[in-house]
Amino acid sequence: MFIAAQLRPAAAQQSGVALADEGQRLAALLRVGRGVVSNNQGLIDDPAIGDKGLDSQAFIETVEAKYKELYGAAPLEEGLTPDQKRLTKAQLNSMAEVMRENQDLINAEGMGFKGFIPAVFARLVNERFVEKLNGEAKIKVTAPPHLVRNRKARPDAWESAVLTDKFESAQWPRGQPFFEEVSVDGSMTFRMLIPEYYADSCLSCHGGPTGEVDITGFPKEGGAEGDLAGAISILLRK
Amino acid sequence: MTPHSRRSIVSRFALNSITFRIGSLSALLLAALVVSTVVMAWDLRQNQIRVAQATARFHHLELAAEADREFGEMRYWLTDLSVSLLTLSERRATAARERLEAKLVDVETFAPDAAAQIRLGVDAYAEAALQAADAYTENRRVIGNTLSARARQASDVVDGVLNELISDLAKEANASEEAAADAARRSMLKAVAACVFILASGTYLTWRVLRSILVPLGGINRAISNLNAGAEQVTLPPEGPD
(Lines give C-alpha, C1' and ligand atoms only; values in the text may rest on other atoms or scores of the structure.)
Protein backbone atom coordinates (compact mmCIF):
# COMPACT_ATOMS: atom_id res chain seq x y z
CA MET A 1 0.00 0.00 0.00
CA PHE A 2 1.46 3.37 -1.00
CA ILE A 3 1.45 6.43 1.20
CA ALA A 4 1.75 9.48 -0.96
CA ALA A 5 4.09 12.11 0.47
CA GLN A 6 1.46 14.80 0.46
CA LEU A 7 -0.84 12.69 2.63
CA ARG A 8 1.66 12.16 5.40
CA PRO A 9 1.26 13.62 8.89
CA ALA A 10 3.31 16.77 9.34
CA ALA A 11 6.14 15.15 11.35
CA ALA A 12 6.46 12.20 9.07
CA GLN A 13 6.21 14.44 6.06
CA GLN A 14 9.09 16.53 7.41
CA SER A 15 11.20 13.43 7.81
CA GLY A 16 10.17 12.14 4.41
CA VAL A 17 10.99 15.44 2.77
CA ALA A 18 14.47 15.44 4.32
CA LEU A 19 15.06 11.92 3.09
CA ALA A 20 13.65 12.83 -0.30
CA ASP A 21 16.11 15.68 -0.45
CA GLU A 22 18.90 13.23 0.32
CA GLY A 23 17.59 10.92 -2.40
CA GLN A 24 17.44 13.77 -4.88
CA ARG A 25 21.07 14.66 -4.12
CA LEU A 26 22.20 11.08 -4.72
CA ALA A 27 20.23 10.92 -7.96
CA ALA A 28 21.60 14.27 -9.09
CA LEU A 29 25.20 13.25 -8.47
CA LEU A 30 24.65 9.98 -10.28
CA ARG A 31 23.16 11.84 -13.25
CA VAL A 32 26.14 14.19 -13.35
CA GLY A 33 28.58 11.26 -13.30
CA ARG A 34 26.61 9.57 -16.07
CA GLY A 35 26.60 12.81 -18.01
CA VAL A 36 30.38 13.09 -17.80
CA VAL A 37 30.71 9.60 -19.25
CA SER A 38 28.19 10.50 -21.94
CA ASN A 39 30.06 13.71 -22.83
CA ASN A 40 33.27 11.71 -23.14
CA GLN A 41 31.74 8.78 -25.03
CA GLY A 42 33.42 9.76 -28.27
CA LEU A 43 36.78 10.00 -26.54
CA ILE A 44 36.32 6.69 -24.69
CA ASP A 45 35.42 4.92 -27.93
CA ASP A 46 38.23 6.50 -29.98
CA PRO A 47 40.42 3.59 -31.08
CA ALA A 48 43.25 5.91 -32.13
CA ILE A 49 43.89 7.31 -28.66
CA GLY A 50 45.48 5.28 -25.89
CA ASP A 51 45.60 7.32 -22.72
CA LYS A 52 42.31 9.24 -22.67
CA GLY A 53 43.29 11.41 -19.71
CA LEU A 54 40.14 10.28 -17.99
CA ASP A 55 41.59 8.78 -14.84
CA SER A 56 39.59 8.68 -11.64
CA GLN A 57 40.94 12.00 -10.33
CA ALA A 58 40.25 13.87 -13.57
CA PHE A 59 36.83 12.30 -13.72
CA ILE A 60 35.87 13.25 -10.17
CA GLU A 61 37.13 16.80 -10.71
CA THR A 62 34.96 17.06 -13.81
CA VAL A 63 31.96 15.65 -11.94
CA GLU A 64 32.42 18.10 -9.06
CA ALA A 65 32.79 21.03 -11.41
CA LYS A 66 29.72 20.05 -13.39
CA TYR A 67 27.71 19.50 -10.21
CA LYS A 68 28.70 22.93 -8.94
CA GLU A 69 27.77 24.45 -12.27
CA LEU A 70 24.33 22.86 -12.13
CA TYR A 71 23.50 23.14 -8.43
CA GLY A 72 25.61 26.04 -7.25
CA ALA A 73 27.76 24.07 -4.80
CA ALA A 74 30.18 21.16 -5.04
CA PRO A 75 28.80 17.82 -3.85
CA LEU A 76 30.70 17.89 -0.54
CA GLU A 77 30.55 21.59 0.25
CA GLU A 78 29.31 22.69 3.65
CA GLY A 79 25.70 22.49 4.68
CA LEU A 80 25.37 18.75 4.48
CA THR A 81 24.24 16.63 7.39
CA PRO A 82 26.75 13.95 8.49
CA ASP A 83 24.56 11.33 6.82
CA GLN A 84 24.39 13.25 3.56
CA LYS A 85 28.14 13.76 3.64
CA ARG A 86 28.75 10.06 4.24
CA LEU A 87 26.47 9.01 1.42
CA THR A 88 27.88 11.56 -1.00
CA LYS A 89 31.43 10.54 -0.16
CA ALA A 90 30.55 6.91 -0.71
CA GLN A 91 29.05 7.76 -4.06
CA LEU A 92 32.04 9.81 -5.21
CA ASN A 93 34.43 7.09 -4.02
CA SER A 94 32.38 4.52 -5.91
CA MET A 95 32.69 6.59 -9.08
CA ALA A 96 36.44 6.99 -8.56
CA GLU A 97 36.91 3.26 -8.02
CA VAL A 98 34.86 2.31 -11.06
CA MET A 99 36.87 4.70 -13.21
CA ARG A 100 40.14 3.42 -11.77
CA GLU A 101 39.21 -0.22 -12.31
CA ASN A 102 38.20 0.43 -15.91
CA GLN A 103 41.26 2.38 -17.03
CA ASP A 104 42.56 -0.56 -19.06
CA LEU A 105 39.29 -0.73 -20.91
CA ILE A 106 38.91 3.02 -21.38
CA ASN A 107 42.50 3.39 -22.61
CA ALA A 108 42.46 0.30 -24.84
CA GLU A 109 44.03 1.34 -28.13
CA GLY A 110 42.67 -0.04 -31.39
CA MET A 111 39.29 -0.79 -29.83
CA GLY A 112 36.34 1.38 -30.80
CA PHE A 113 33.12 0.82 -28.91
CA LYS A 114 34.01 -0.55 -25.49
CA GLY A 115 30.64 -0.95 -23.87
CA PHE A 116 31.61 1.54 -21.18
CA ILE A 117 28.47 3.61 -21.56
CA PRO A 118 26.60 5.79 -19.06
CA ALA A 119 24.19 3.00 -18.13
CA VAL A 120 26.99 0.54 -17.43
CA PHE A 121 28.92 3.16 -15.51
CA ALA A 122 25.85 3.95 -13.39
CA ARG A 123 25.19 0.28 -12.66
CA LEU A 124 28.79 -0.34 -11.60
CA VAL A 125 28.81 2.76 -9.42
CA ASN A 126 25.49 1.84 -7.82
CA GLU A 127 26.64 -1.69 -7.07
CA ARG A 128 29.83 -0.39 -5.49
CA PHE A 129 27.84 2.18 -3.51
CA VAL A 130 25.60 -0.54 -2.08
CA GLU A 131 28.65 -2.61 -1.13
CA LYS A 132 30.28 0.34 0.59
CA LEU A 133 27.21 1.06 2.68
CA ASN A 134 26.50 -2.57 3.36
CA GLY A 135 22.95 -2.24 2.08
CA GLU A 136 22.17 0.71 4.38
CA ALA A 137 21.46 2.76 1.27
CA LYS A 138 20.81 1.60 -2.26
CA ILE A 139 20.65 3.30 -5.61
CA LYS A 140 19.49 1.53 -8.73
CA VAL A 141 18.54 2.65 -12.18
CA THR A 142 15.49 0.71 -13.23
CA ALA A 143 12.78 0.89 -15.86
CA PRO A 144 9.47 -0.65 -16.88
CA PRO A 145 10.19 -4.32 -17.68
CA HIS A 146 9.88 -3.88 -21.46
CA LEU A 147 12.64 -1.24 -21.39
CA VAL A 148 15.08 -3.07 -19.11
CA ARG A 149 18.18 -4.31 -20.87
CA ASN A 150 20.20 -5.75 -18.00
CA ARG A 151 18.52 -8.09 -15.54
CA LYS A 152 20.21 -6.26 -12.68
CA ALA A 153 18.05 -3.29 -13.54
CA ARG A 154 14.77 -5.19 -13.34
CA PRO A 155 12.28 -3.42 -11.09
CA ASP A 156 11.24 -5.11 -7.88
CA ALA A 157 7.58 -5.32 -6.96
CA TRP A 158 7.50 -1.86 -5.33
CA GLU A 159 9.34 -0.19 -8.19
CA SER A 160 7.23 -1.98 -10.76
CA ALA A 161 4.02 -0.85 -9.10
CA VAL A 162 5.16 2.79 -8.90
CA LEU A 163 6.33 2.77 -12.51
CA THR A 164 3.07 1.32 -13.73
CA ASP A 165 0.55 2.97 -11.42
CA LYS A 166 2.19 6.37 -11.09
CA PHE A 167 4.80 7.26 -13.69
CA GLU A 168 3.09 5.64 -16.64
CA SER A 169 -0.19 7.23 -15.72
CA ALA A 170 -1.16 10.25 -17.83
CA GLN A 171 -2.22 12.05 -14.63
CA TRP A 172 1.19 11.82 -12.96
CA PRO A 173 2.95 15.23 -13.01
CA ARG A 174 5.96 14.96 -15.27
CA GLY A 175 9.24 14.62 -13.40
CA GLN A 176 7.65 14.32 -9.97
CA PRO A 177 9.29 11.65 -7.83
CA PHE A 178 7.34 9.29 -5.64
CA PHE A 179 8.49 8.39 -2.15
CA GLU A 180 7.14 6.68 0.89
CA GLU A 181 8.20 4.72 3.93
CA VAL A 182 7.62 1.03 3.73
CA SER A 183 8.21 -1.73 6.20
CA VAL A 184 10.99 -4.05 5.09
CA ASP A 185 11.79 -6.97 7.38
CA GLY A 186 10.10 -5.18 10.23
CA SER A 187 12.01 -1.91 9.94
CA MET A 188 10.88 1.26 8.27
CA THR A 189 12.68 2.01 5.05
CA PHE A 190 12.52 5.09 2.91
CA ARG A 191 11.98 4.36 -0.74
CA MET A 192 11.99 6.85 -3.55
CA LEU A 193 11.61 6.61 -7.28
CA ILE A 194 12.62 9.49 -9.53
CA PRO A 195 11.36 9.28 -13.11
CA GLU A 196 13.73 9.77 -16.02
CA TYR A 197 12.79 10.67 -19.57
CA TYR A 198 14.53 10.15 -22.86
CA ALA A 199 16.67 13.06 -23.96
CA ASP A 200 17.88 13.50 -27.51
CA SER A 201 21.25 11.94 -26.63
CA CYS A 202 19.49 8.74 -25.47
CA LEU A 203 17.79 8.12 -28.78
CA SER A 204 20.78 6.85 -30.73
CA CYS A 205 20.38 3.68 -28.68
CA HIS A 206 16.81 3.83 -27.40
CA GLY A 207 15.02 5.64 -30.24
CA GLY A 208 13.76 4.36 -33.55
CA PRO A 209 13.34 2.53 -35.71
CA THR A 210 12.11 -0.03 -33.22
CA GLY A 211 14.10 -3.25 -33.41
CA GLU A 212 17.05 -1.78 -35.27
CA VAL A 213 20.23 -2.90 -33.56
CA ASP A 214 22.12 -0.12 -31.79
CA ILE A 215 25.86 0.12 -31.22
CA THR A 216 25.65 -2.14 -28.16
CA GLY A 217 23.99 -4.91 -30.19
CA PHE A 218 20.61 -4.43 -28.55
CA PRO A 219 17.42 -3.75 -30.53
CA LYS A 220 16.26 -0.16 -30.11
CA GLU A 221 13.12 0.36 -28.08
CA GLY A 222 11.62 2.98 -30.38
CA GLY A 223 11.45 5.66 -27.66
CA ALA A 224 10.85 9.34 -28.40
CA GLU A 225 12.28 12.37 -26.66
CA GLY A 226 10.32 12.95 -23.45
CA ASP A 227 9.02 9.40 -23.13
CA LEU A 228 9.41 7.71 -19.76
CA ALA A 229 12.77 5.93 -19.95
CA GLY A 230 13.10 4.58 -16.44
CA ALA A 231 13.69 5.75 -12.93
CA ILE A 232 16.36 6.13 -10.31
CA SER A 233 15.41 4.11 -7.30
CA ILE A 234 16.70 5.15 -3.88
CA LEU A 235 16.42 3.11 -0.72
CA LEU A 236 17.52 4.50 2.64
CA ARG A 237 17.25 2.46 5.81
CA LYS A 238 16.38 4.59 8.81
CA MET B 1 -26.24 -65.79 -72.87
CA THR B 2 -28.24 -68.91 -73.72
CA PRO B 3 -26.72 -72.39 -73.82
CA HIS B 4 -27.39 -72.37 -77.52
CA SER B 5 -25.44 -69.19 -78.18
CA ARG B 6 -22.61 -70.41 -75.89
CA ARG B 7 -22.42 -73.60 -77.92
CA SER B 8 -22.45 -71.53 -81.06
CA ILE B 9 -19.42 -69.52 -79.91
CA VAL B 10 -17.61 -72.65 -78.84
CA SER B 11 -18.39 -74.30 -82.16
CA ARG B 12 -17.22 -71.25 -84.06
CA PHE B 13 -14.00 -71.27 -82.01
CA ALA B 14 -13.66 -74.90 -82.90
CA LEU B 15 -14.10 -74.03 -86.52
CA ASN B 16 -11.18 -71.64 -86.17
CA SER B 17 -12.49 -69.03 -88.61
CA ILE B 18 -10.39 -65.96 -89.58
CA THR B 19 -12.80 -63.69 -87.74
CA PHE B 20 -12.34 -65.64 -84.57
CA ARG B 21 -8.65 -66.01 -84.94
CA ILE B 22 -8.21 -62.24 -85.39
CA GLY B 23 -10.84 -61.53 -82.78
CA SER B 24 -9.21 -63.91 -80.33
CA LEU B 25 -5.80 -62.37 -80.99
CA SER B 26 -7.14 -58.85 -80.43
CA ALA B 27 -9.01 -59.99 -77.34
CA LEU B 28 -5.92 -61.66 -75.98
CA LEU B 29 -3.75 -58.62 -76.62
CA LEU B 30 -6.36 -56.29 -75.17
CA ALA B 31 -6.69 -58.56 -72.16
CA ALA B 32 -2.91 -58.50 -71.74
CA LEU B 33 -3.03 -54.70 -71.97
CA VAL B 34 -5.80 -54.48 -69.40
CA VAL B 35 -4.14 -56.93 -67.01
CA SER B 36 -0.75 -55.25 -67.29
CA THR B 37 -2.36 -51.82 -66.80
CA VAL B 38 -4.27 -53.01 -63.74
CA VAL B 39 -1.15 -54.60 -62.28
CA MET B 40 0.90 -51.47 -62.97
CA ALA B 41 -1.81 -49.22 -61.52
CA TRP B 42 -1.88 -51.40 -58.41
CA ASP B 43 1.88 -51.29 -58.14
CA LEU B 44 1.90 -47.53 -58.64
CA ARG B 45 -0.72 -47.11 -55.96
CA GLN B 46 1.26 -49.29 -53.56
CA ASN B 47 4.38 -47.37 -54.39
CA GLN B 48 2.59 -44.09 -53.88
CA ILE B 49 1.59 -45.28 -50.42
CA ARG B 50 5.18 -46.29 -49.67
CA VAL B 51 6.49 -42.93 -50.92
CA ALA B 52 3.88 -41.13 -48.80
CA GLN B 53 4.97 -43.18 -45.79
CA ALA B 54 8.62 -42.32 -46.48
CA THR B 55 7.71 -38.64 -46.88
CA ALA B 56 5.78 -38.71 -43.59
CA ARG B 57 8.76 -40.27 -41.84
CA PHE B 58 11.07 -37.61 -43.28
CA HIS B 59 8.60 -34.97 -42.13
CA HIS B 60 8.69 -36.45 -38.63
CA LEU B 61 12.46 -36.43 -38.78
CA GLU B 62 12.39 -32.81 -39.87
CA LEU B 63 10.05 -31.89 -36.98
CA ALA B 64 12.30 -33.66 -34.46
CA ALA B 65 15.34 -31.92 -35.95
CA GLU B 66 13.56 -28.56 -35.70
CA ALA B 67 12.69 -29.27 -32.05
CA ASP B 68 16.35 -30.12 -31.49
CA ARG B 69 17.40 -26.85 -33.13
CA GLU B 70 14.93 -24.80 -31.05
CA PHE B 71 16.17 -26.46 -27.89
CA GLY B 72 19.73 -25.67 -28.94
CA GLU B 73 18.75 -22.06 -29.49
CA MET B 74 16.98 -21.87 -26.16
CA ARG B 75 20.05 -23.32 -24.46
CA TYR B 76 22.32 -20.91 -26.28
CA TRP B 77 20.36 -17.88 -25.12
CA LEU B 78 20.00 -19.11 -21.55
CA THR B 79 23.74 -19.73 -21.43
CA ASP B 80 24.31 -16.28 -22.91
CA LEU B 81 21.94 -14.87 -20.27
CA SER B 82 24.08 -16.26 -17.46
CA VAL B 83 27.06 -14.37 -18.84
CA SER B 84 25.54 -11.18 -20.23
CA LEU B 85 22.52 -10.87 -17.90
CA LEU B 86 20.80 -9.14 -20.79
CA THR B 87 17.03 -9.26 -20.98
CA LEU B 88 17.43 -9.63 -24.74
CA SER B 89 18.93 -13.08 -24.17
CA GLU B 90 16.09 -13.97 -21.83
CA ARG B 91 13.49 -12.81 -24.35
CA ARG B 92 15.14 -14.80 -27.13
CA ALA B 93 15.34 -17.87 -24.90
CA THR B 94 11.63 -17.48 -24.12
CA ALA B 95 10.81 -17.14 -27.81
CA ALA B 96 12.88 -20.24 -28.62
CA ARG B 97 11.10 -22.15 -25.86
CA GLU B 98 7.72 -21.17 -27.28
CA ARG B 99 8.79 -22.35 -30.73
CA LEU B 100 10.11 -25.57 -29.17
CA GLU B 101 6.76 -26.15 -27.46
CA ALA B 102 4.98 -25.67 -30.79
CA LYS B 103 7.26 -28.29 -32.34
CA LEU B 104 6.65 -30.65 -29.43
CA VAL B 105 2.92 -30.45 -30.06
CA ASP B 106 3.67 -31.85 -33.54
CA VAL B 107 6.20 -34.39 -32.26
CA GLU B 108 3.62 -35.58 -29.75
CA THR B 109 1.42 -36.85 -32.61
CA PHE B 110 3.94 -39.53 -33.60
CA ALA B 111 6.22 -39.84 -30.55
CA PRO B 112 4.13 -39.03 -27.44
CA ASP B 113 6.50 -40.64 -24.94
CA ALA B 114 9.55 -38.83 -26.30
CA ALA B 115 7.64 -35.52 -26.38
CA ALA B 116 6.62 -35.97 -22.73
CA GLN B 117 10.18 -36.78 -21.71
CA ILE B 118 11.52 -33.78 -23.63
CA ARG B 119 8.94 -31.50 -22.01
CA LEU B 120 9.90 -32.63 -18.54
CA GLY B 121 13.59 -32.20 -19.32
CA VAL B 122 13.06 -28.77 -20.84
CA ASP B 123 11.06 -27.63 -17.80
CA ALA B 124 13.79 -28.84 -15.45
CA TYR B 125 16.50 -27.28 -17.59
CA ALA B 126 14.76 -23.90 -17.94
CA GLU B 127 13.96 -23.74 -14.24
CA ALA B 128 17.57 -24.44 -13.21
CA ALA B 129 19.05 -22.18 -15.90
CA LEU B 130 16.82 -19.26 -14.90
CA GLN B 131 17.58 -19.80 -11.24
CA ALA B 132 21.27 -19.79 -12.16
CA ALA B 133 20.77 -16.52 -14.08
CA ASP B 134 19.01 -15.08 -11.03
CA ALA B 135 21.93 -16.14 -8.84
CA TYR B 136 24.45 -14.56 -11.23
CA THR B 137 22.30 -11.41 -11.33
CA GLU B 138 22.52 -11.25 -7.55
CA ASN B 139 26.29 -11.86 -7.64
CA ARG B 140 25.92 -15.30 -6.07
CA ARG B 141 28.37 -16.98 -8.40
CA VAL B 142 28.91 -20.22 -6.48
CA ILE B 143 25.22 -21.07 -6.26
CA GLY B 144 24.91 -19.89 -9.85
CA ASN B 145 27.53 -22.42 -10.94
CA THR B 146 25.80 -25.18 -8.97
CA LEU B 147 22.49 -24.37 -10.62
CA SER B 148 24.19 -24.20 -14.01
CA ALA B 149 25.52 -27.71 -13.44
CA ARG B 150 22.01 -28.87 -12.60
CA ALA B 151 20.72 -27.20 -15.75
CA ARG B 152 23.45 -28.94 -17.75
CA GLN B 153 22.35 -32.34 -16.45
CA ALA B 154 18.74 -31.65 -17.41
CA SER B 155 19.94 -30.43 -20.78
CA ASP B 156 21.89 -33.68 -21.29
CA VAL B 157 18.70 -35.65 -20.65
CA VAL B 158 16.82 -33.63 -23.28
CA ASP B 159 19.73 -34.03 -25.68
CA GLY B 160 19.72 -37.78 -25.12
CA VAL B 161 16.00 -38.13 -25.82
CA LEU B 162 16.17 -35.86 -28.87
CA ASN B 163 19.21 -37.66 -30.28
CA GLU B 164 17.58 -41.05 -29.83
CA LEU B 165 14.36 -39.84 -31.40
CA ILE B 166 16.20 -38.32 -34.35
CA SER B 167 18.31 -41.44 -34.80
CA ASP B 168 15.24 -43.72 -34.72
CA LEU B 169 13.32 -41.49 -37.11
CA ALA B 170 16.29 -41.30 -39.46
CA LYS B 171 16.52 -45.11 -39.52
CA GLU B 172 12.78 -45.40 -40.12
CA ALA B 173 12.86 -42.78 -42.84
CA ASN B 174 15.80 -44.44 -44.58
CA ALA B 175 14.19 -47.88 -44.34
CA SER B 176 10.96 -46.48 -45.66
CA GLU B 177 12.72 -44.77 -48.52
CA GLU B 178 14.64 -47.94 -49.37
CA ALA B 179 11.43 -49.98 -49.30
CA ALA B 180 9.79 -47.50 -51.67
CA ALA B 181 12.81 -47.55 -53.96
CA ASP B 182 12.90 -51.38 -53.92
CA ALA B 183 9.21 -51.57 -54.71
CA ALA B 184 9.65 -49.08 -57.54
CA ARG B 185 12.53 -51.15 -58.90
CA ARG B 186 10.48 -54.33 -58.67
CA SER B 187 7.55 -52.64 -60.40
CA MET B 188 9.80 -51.50 -63.18
CA LEU B 189 11.26 -54.98 -63.68
CA LYS B 190 7.77 -56.44 -63.59
CA ALA B 191 6.61 -53.92 -66.20
CA VAL B 192 9.60 -54.66 -68.45
CA ALA B 193 9.08 -58.44 -68.09
CA ALA B 194 5.36 -58.10 -68.83
CA CYS B 195 6.13 -55.92 -71.83
CA VAL B 196 8.65 -58.41 -73.20
CA PHE B 197 6.27 -61.31 -72.61
CA ILE B 198 3.32 -59.54 -74.21
CA LEU B 199 5.47 -58.40 -77.12
CA ALA B 200 6.89 -61.89 -77.66
CA SER B 201 3.64 -63.77 -77.26
CA GLY B 202 1.76 -61.13 -79.27
CA THR B 203 4.31 -61.36 -82.08
CA TYR B 204 4.17 -65.14 -82.07
CA LEU B 205 0.39 -65.30 -82.00
CA THR B 206 0.11 -62.61 -84.68
CA TRP B 207 2.57 -64.56 -86.80
CA ARG B 208 0.55 -67.74 -86.26
CA VAL B 209 -2.74 -66.08 -87.12
CA LEU B 210 -1.35 -64.29 -90.17
CA ARG B 211 0.29 -67.49 -91.29
CA SER B 212 -2.96 -69.41 -90.90
CA ILE B 213 -4.64 -66.80 -93.12
CA LEU B 214 -1.93 -65.89 -95.59
CA VAL B 215 -0.71 -69.41 -96.43
CA PRO B 216 -4.10 -70.62 -97.72
CA LEU B 217 -4.64 -67.25 -99.45
CA GLY B 218 -1.26 -67.68 -101.14
CA GLY B 219 -2.39 -71.17 -102.33
CA ILE B 220 -5.61 -69.70 -103.75
CA ASN B 221 -3.67 -66.94 -105.50
CA ARG B 222 -1.32 -69.44 -107.01
CA ALA B 223 -4.26 -71.61 -108.15
CA ILE B 224 -6.03 -68.60 -109.71
CA SER B 225 -2.82 -67.55 -111.45
CA ASN B 226 -2.37 -71.09 -112.80
CA LEU B 227 -5.98 -71.20 -114.02
CA ASN B 228 -5.51 -67.86 -115.74
CA ALA B 229 -2.37 -69.24 -117.33
CA GLY B 230 -4.45 -72.07 -118.79
CA ALA B 231 -3.60 -74.82 -116.38
CA GLU B 232 -6.37 -77.34 -116.07
CA GLN B 233 -5.13 -79.11 -113.03
CA VAL B 234 -4.68 -76.79 -110.05
CA THR B 235 -4.43 -77.64 -106.39
CA LEU B 236 -6.66 -75.62 -104.12
CA PRO B 237 -6.14 -75.42 -100.36
CA PRO B 238 -8.65 -77.49 -98.43
CA GLU B 239 -11.95 -75.67 -97.88
CA GLY B 240 -12.16 -73.92 -94.58
CA PRO B 241 -15.04 -72.46 -92.56
CA ASP B 242 -14.48 -69.00 -94.13
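**Note on the predicted two-chain model**

1. A polar contact in chain B. The side chain of B:Asp43 makes a polar contact with the side chain of B:Ser187, at 3.5 Å. The model is predicted, and every value below is computed from it. B:Asp43 sits in helix α2 of chain B, which spans residues 18–84. Setting aside neighbours within four places in sequence, B:Asp43 is in contact with B:Ser187 and B:Lys190.

2. Burial of B:Asp43. Is B:Asp43 buried or exposed? The relative accessible area of B:Asp43 is 11%. Buried means under 20%, so B:Asp43 counts as buried.

3. Another residue of chain B. B:Leu227 belongs to helix α5 of chain B, residues 141–228. The relative accessibility of B:Leu227 is 48%, so B:Leu227 counts as partly exposed. B:Leu227 and B:Ser24 are 203 residues apart along the chain. Their C-alpha atoms are separated by 35 Å.

4. The largest nonpolar core. This core has 39 residues. Which residues have the most contacts inside it? They are A:Phe59, A:Phe121 and A:Ile234. Several elements of chain A each supply at least two residues of the core: the helices α1 (10–39), α3 (56–71), α4 (82–101) and α6 (118–132), and the strands β1 (137–142), β3 (187–197) and β4 (228–237). α1(A) gives the most, with 10 residues.

5. Where the core lies. Domain 1 (13–134) and domain 2 (137–238) of chain A both give residues to this core, so the core lies between them.

6. Around A:Phe59. Leaving out residues up to four places away in sequence, A:Phe59 touches A:Gly33, A:Val36, A:Val37, A:Met95, A:Met99 and A:Phe121. A second, separate core has 32 residues. Among them are B:Leu61, B:Ala96, B:Leu104 and B:Leu162.

7. Domain layout of chain A. Chain A is divided into domain 1 (13–134) and domain 2 (137–238). The centres of the two domains, taken over C-alpha atoms, are 19 Å apart. Their contact takes 24 residues from domain 1 of chain A and 21 residues from domain 2 of chain A.

8. Buried area between the domains. Domain 1 and domain 2 of chain A bury about 1800 Å² between them. Of this area, 71% is on carbon and sulfur atoms.

9. A:Arg34 forms a salt bridge with A:Glu196, and the closest N and O atoms are 2.5 Å apart. On the side of domain 1 of chain A that touches domain 2 of chain A, the elements giving two or more residues are α1, α4 and α6 of chain A. α1(A) gives the most to that side, with 13 residues.

10. A:Pro195. This residue lies in strand β3 of chain A. At 6% relative accessibility, A:Pro195 counts as buried. A:Pro195 and A:Ala231 are 36 residues apart in sequence, yet 4.2 Å apart in space, C-alpha to C-alpha. Not counting residues up to four places away in sequence, A:Pro195 touches A:Arg31, A:Phe167, A:Gly175, A:Gln176, A:Pro177, A:Leu228, A:Gly230 and A:Ala231.

11. The contact between the chains. Chain A and chain B bury about 990 Å² between them, with 49% of it on carbon and sulfur atoms. The contact takes 11 residues from chain A and 14 residues from chain B. A:Arg151, A:Lys152 and A:Phe218 supply 59% of the area that chain A buries against chain B. That is more than any other three residues.

12. B:Glu90 forms a salt bridge with A:Arg151, the closest N and O atoms being 2.9 Å apart. Across the interface of chain A and chain B, the rule finds nine residue pairs in polar contact, both residues at pLDDT 80 or more.

Terms used
Residues numbered from 1 in each chain as written. Chains lettered and ligands numbered in written order. Predicted model: local features only at pLDDT ≥ 70, side-chain atom pairs only at ≥ 80, totals over all residues. Heavy atoms only, no water. Core = buried A, V, L, I, M, F, W, Y, C linked by side-chain atoms within 4.5 Å. Buried < 20%, exposed > 50% of the residue type's maximum accessible area, 1.4 Å probe, protein only. Helix = DSSP H or I, 4+ residues; strand = E, 2+ residues; numbered from the N terminus. Domains from an automatic or database assignment. Contact = heavy atoms within 4.5 Å. Buried area = accessible area lost by both parts, 1.4 Å probe. Salt bridge = Lys/Arg side-chain N within 4 Å of Asp/Glu carboxyl O. Polar contact = N/O pair within 3.5 Å; in protein donor to acceptor, adjacent residues only side chain to side chain.
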